Amino acid sequence: MKTILRGNTREVIIDTDGPVIIIGECINPTRRKKLVSTLQESDFAYVLELAEMQINAAADVLDVNVGFPGVDDVKLLAETVLAIKARFDIPLCLDSPNPKAIEAALKVAGGKCLINSVNGEEKSMNALLPIAHEYGAAIIALAMDDSGITYEPEKRLAVAEKILERAVKAGIKEEDVVIDPLAMAVSADPRPCVVSLETIRLVRQKLGLNITQGASNISFGLPNREVLNSVYMALSIMNGLTCPIANPEKIATTVRASDLILGRDDYAIRFVEISQANGL
Amino acid sequence: MNDILEKIALCVEFGKINKVSPYPPNMKDQDGADELAKRALEEGVRPDEILESALVPAMARVGEKFTKKEIYVPQMLMAAKAMNSAMAHLKPFFQSGETKRKGKFIVGTVAGDLHDIGKNLVAMMIEGGGWEVIDLGVDVSTEKFLGAMEEHPGAVVGLSALLTTTMENMKKTVSAIKEKHASSKILVGGAPVTREYCEKIGADFYAPDPQGAVNYLKTLVA
């Protein structure tokens, strides 16, 4: 199964049988207070700095989230997208809980974007699926709905199936639906990571779709976070994760190593390349 | 200090729930907070002494160690479980009014936000600070906060949010509470929250970590 995304001209193919694609997570104000202060003054220099840093660190796609209190994200998400596009030819993953902001950004983005995200609630599907179809965007389907977060992998699979079915009915191609199994911190409860890993395996086996996951927070509340994140990443890739949303500076080597070990990096070309680039 | 109170405090600090609990490994087969609290009451120790001289100082040490990154979330949760097992023996005295707590604290994660770890840590630290905690859970609407305040007049309120996109709802809830209960005290926290934001939305205090929340509550009853 191939999900094709496009920047201005450059195509990125997320392939269930190909190497892992990295979606850079860093353009997100939740842990970057400097992003809030610069964006409040319509200063995009820091956004572009984060974009460049991630591209240099092997990001294939950039997630763009500019939501914070007091902001008009309908205006700001579109402006940020334009600022990035003017400098870099890379597909974008538009990240907002506000469908109006997603639509405004899709209007100016061109190429082929990924929408982050549609969940299984009626409200979310009704608002976003027609927009995705109209602008030819791919969607991330988050395995969560009105009944909240379930700890049963089969139920998460069922939510993913429901969104897929509705998306196809709305005219979206099956390959343009990327599933997010939902990752949660392992510090307060040992179950969440096992549940997510099993959901990934089930989605891969039953639906054969591409799978994403924002997993940098599974290590919240614990020491040695980078090791935990790396191990979880490798196990997720083993089970079928194909396009994680992560910080490429921290995770790219783990991703390349996983590809090599899983036979997706002939002559270890990409692993050697990234290792040498990092002086390892 | 009373020997048994000291033992209870150690059990809470290191998360020894009861005798059968295998954790922490170096306290295996010893009595835990459960057995010791029960025995203390049988030996005539007053319940408020158990609360104030064992549980509260133990949880304060836990909070300090967490702030200094000497322990992490799992160790805090172990401590909370041990605290709860001792607290269970005190509940009848709270209910009869024989033992008074410092006040009531209503806590919840704001509407649209499902993150509960930070909120839970604050709730348990405040309970361990000697307060009665009313935990409303996650994705809590403004109406639900207002309803809880009607039910528990004079309670301090704590709001948690983990996402920049749900912080907006914190503002709405704070405005609604202040409009109805002008003299109420509201505490806010969570990864994206700052002191400036707290001031901007008219909340009373920003706590960067659970111990900060406990320390603020102390100032309200001092």
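Read along its sequence, chain B of this predicted model follows the pattern α-α-α-α-β-α-β-α-β-α-β-α-β-α. Among the contacts in chain B that join residues at least 6 apart in sequence, 72% link residues at least 24 apart.

The overall dimensions of chain B were also examined. A compact globule of 222 residues would have a radius of gyration near 17 Å, and the 18 Å found for chain B agrees with this expectation. Taken along the principal axes, the box filled by the C-alpha atoms of chain B is roughly 50 × 35 × 25 Å. Of the 222 residues in the chain, 49% count as buried.

Two packed helices are described by the angle between their axes and the distance between the axes. In chain B, the axes of helix 3 (residues 47-67) and helix 4 (residues 73-96) come within 11 Å and cross at roughly 165 degrees. Because angles over 145 degrees count as roughly antiparallel, helix 3 of chain B is roughly antiparallel to helix 4 of chain B. The crossing of helix 3 and helix 4 of chain B is left-handed. Helix 3 of chain B contributes Pro47(B), Ile50(B), Leu51(B), Leu55(B), Met59(B), Val62(B) and Phe66(B) to the contact. From helix 4 of chain B come Met76(B), Ala79(B), Met83(B), Ala86(B), Met87(B), Leu90(B) and Phe93(B). The residues of this contact between helix 3 and helix 4 of chain B comprise 14 nonpolar, no polar and no charged.

Between the two chains, 16 residues of chain B are in contact with 15 residues of chain A.

Gly70(A) lies in the loop between strand 4 (61-64) and helix 3 (73-87) of chain A. With 12 other C-beta atoms within 10 Å, Gly70(A) is exposed. The C-alpha atoms of Gly70(A) and Val36(A) are 10 Å apart in space, while the two residues are 34 residues apart in sequence.

Definitions and conventions
Residues numbered from 1 in each chain as written. Chains lettered and ligands numbered in written order. Predicted model: local features only at pLDDT ≥ 70, side-chain atom pairs only at ≥ 80, totals over all residues. Axes fitted to C-alpha atoms, helices over the stretch in contact; angles between N-to-C directions. Helix = DSSP H or I, 4+ residues; strand = E, 2+ residues; numbered from the N terminus. Parallel < 35°, antiparallel > 145°, perpendicular 65-115°, else oblique. Left-handed = near helix turned anticlockwise from the far one by under 90°. Contact = placed C-beta atoms within 7 Å. Nonpolar A, V, L, I, M, F, W, Y, C, P; charged D, E, K, R; others polar. Rg over C-alpha atoms; globule rule 2.2 N^0.38 Å. Buried ≥ 20, exposed ≤ 12 C-beta atoms within 10 Å, placed from the backbone.
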